[in-house]
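I opened my notebook for a slow walk through one protein model. Come along and look things up with me.

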Amino acid sequence: MSEKEKMLSGLVYSATDPELLNELNEVKEVVHRYNSLSPSDTDARFRILKSLLGHTADDDFIINQPFYCDYGKQIRIGRRF
């Protein structure tokens, strides 16, 4: 079982696993781009969040900057969040 599979299963895992560190750093880059955008650039902000989050129930949501997360894909948001 990989360290990522352990993490997703809620088991003890090594956070220094190269696969997890690589994914974490990729998400940090995306989050940095999101937080660097102008608050008025709603289209770009929306596109980044849609690519980052695991599930959005609809397209009627706002997440204010700054926003921080580790992996993003485990985040699910409901309607009109």
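My entries on this model follow.

**Ground rules.** I am working with a predicted model, where local features need pLDDT of at least 70, side-chain atom pairs count only at pLDDT 80 or more, and totals for chains, interfaces and linings use all residues. I number residues from 1 along each chain as its sequence is written, and side-chain values use heavy atoms, with hydrogens and water left out.

**Entry 1: Leu49.** I found Leu49 in helix α3 (residues 42–52); helices are DSSP runs of H or I with at least four residues, strands are runs of E with at least two, and both are numbered from the N terminus. Is Leu49 buried or exposed? Leu49 counts as buried because its relative accessibility is 3% (buried is under 20% relative accessible area, exposed over 50%, partly exposed in between, with a 1.4 Å probe and protein chains only).

**Entry 2: its partners.** Leaving out residues up to four places away in sequence, I saw Leu49 touch Tyr34, Phe61, Ile63 and Phe67 (contact means heavy atoms within 4.5 Å). Leu49 and Phe67 are 18 residues apart along the chain, and their C-alpha atoms are separated by 9.9 Å.

**Entry 3: the core.** I then looked up the largest nonpolar core, which has 13 residues (a set of buried Ala, Val, Leu, Ile, Met, Phe, Trp, Tyr and Cys residues joined through side-chain atoms within 4.5 Å). Helix α2 (18–36) and α3 each supply at least two residues of this core, and its largest share, four residues, comes from α2.

**Entry 4: the backbone.** I noted a cis peptide bond from Gln65 to Pro66. Pro66 sits in the loop between β1 (55–56) and β2 (76–77).
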